[in-house]
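Subject: Structure handover

Hello,

Here is the structure I said I would pass on. My notes come after it.

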Amino acid sequence: MSPTLGRTRSGAASDLAGRGPMLLAMVLAVLGYQINATMLSPALPDVIERLGTTTAAAGLSQTLFFLMAAIGQVTLARLSDQRGRKPMMVVCAFVLIAGNLLCVFAPNIEIFIAGRILQGISAAMFTLAFLTLNQLLTPAGFGKAAGIITAVNGGLAGVDAIAGGQIADTIGFRGIFVCSTLIAVAGLIGVRKYVPDVPPTTADARFDARGIAALSLGLTGILVGLAQGASWGWASPLTLGFLFGGLVALVLFVVSQKSAANPVIDIEVLASRRAWPLLITTVCTLGGAFGAVALTIPLFSQDARVGLGLSAVTAAVLFLTPIQLIGVISAPLTGRLGPKIGWRRVVVTGAAANFAIFVFATFFLDNQWILVTSLAALGVTYGGFMLTGLNGLAVTTAPKDKPGSLSGLNGACFGIGASLGIAIASAMITAGSDAHGPTEAGYQHAMYAALALLAIGVVSSLLIQRPDPETVAVEEEPQLVLAHH
């Protein structure tokens, strides 16, 4: 491995083409994690039936999956600053394979949830891929590669959603995790062979285990309390214990970060307007969109009593595939657009468009074709503008001495937002259920909650600090690129 200086923007295309095997390895590694989210969504009713569980328990498995994604991204992104990106990517791959095997052989919902927790931790692969590409490529090359990785992180062009529905309708949900395992193994082999060992950026720093523990307990307490509150009773000791305990743990976490030698979250960075509005935008965007797309709409579309009564395959084709297919096209285009017009402008535009689209999806939930059209449009605004823009903005505005700080936080907020959105949607659907199961009002209230989160995301996106012209100029300069031999 040798350092190569002076790679220009005009050489970005050849730079990216020369790293094709590395990019393919990252694509497989990210996809191994991602299909556990996209393929499973249409199979949730099958999980409920085969494991003899409830909507609330299935919702909890999804909540914990994305919550652990948040915690894994904070933890492993920070560790990668100290131990190197590639070793952490290898850890992610092994954790994912272990989680998949638990879900394949799960005899009950408890073992299934344990497997989902391990799978969620492996979400750090996405942030690690972004950080590695940012260190190895020029700004223009990074924008193109970021678009490709983001497109894959949204799913396999919609094929995975259809495949998930087909598997659920035929052999059952366990087949989904067999597919994920095969892809994860291929990704692991590719990472070990083709991803270069990027030197650690803060090799001498100590890992803040106390901060990670407090953050994990705090987020888990609050999100589990929200997810299960309607089922346990909002005033029950169990619900209040989770919510209050989580709040106390988060307070302890913030206090610990002020005195930690190498904090998980840099409070000074977090307090900046380049950070906290971006993170709120990420949480609310993922909370609103993912809660609806990954839980509310799959359940409503397959509900024969008060919903649309579709099969898993039909629901996937109509409501999941268009988002992913269009996202695969729009995300790379957004990656090219971001460095030209500014990542902040991409994020603000996407947030406003997302909210407008969800107004139609919410008020015409029972109109199949308006719902299909609305969700297809999200392929551009959510799958392209927001997912690529939020990641691009987090990477390019992070402090230069802590490149993994803001990206890791933002990656965590993807998981926090997704788990929060699913927790709220699950609670709304459960609270609106009657003796026969979920009601149309419960689904509608879940969509109202999603719309409210997206509205907050629009406001917070406008508060993101505009980039300093001098900083933008610096970002246009060639970066140090490590050539892999």
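Predicted model: local features only at pLDDT ≥ 70, side-chain atom pairs only at ≥ 80, totals over all residues.

Residues are numbered from 1 along each chain as its sequence is written, and side-chain values use heavy atoms, with hydrogens and water left out.

Leu278 sits in helix H14, residues 276–302 (helices are DSSP runs of H or I, at least four residues, numbered from the N terminus). Its relative accessible area is 0%, so Leu278 counts as buried (under 20%; exposed is over 50% and partly exposed in between, with a 1.4 Å probe and protein chains only). Beyond its neighbours within four places in sequence, Leu278 has contacts with Leu390, Leu393, Ala394, Leu406, Asn410 and Ile464 (contact means heavy atoms within 4.5 Å). For Asn410, 132 residues from Leu278 along the chain, the C-alpha separation is 7.8 Å.

Leu463, in the loop between H19 and helix H20 (469–476), is partly exposed because its relative accessible area is 37%.

The structure has 3 cavities of 30 Å³ or more (sets of points on a 1 Å grid over the protein atoms alone where a 1.4 Å probe fits but cannot get out; lining residues have an atom within 4 Å of a point). Points are joined across faces, edges and corners, and volume is the space filled by probe spheres set on them. The second largest cavity holds about 50 Å³. H14 contributes the most to its lining, with 5 residues.

Regards

Terms used. Helix = DSSP H or I, 4+ residues; strand = E, 2+ residues; numbered from the N terminus. 1 Å grid on protein atoms, 1.4 Å probe; cavity = no way out; pocket = protein on both sides within 12 Å on 5 of 7 lines; lining within 4 Å.
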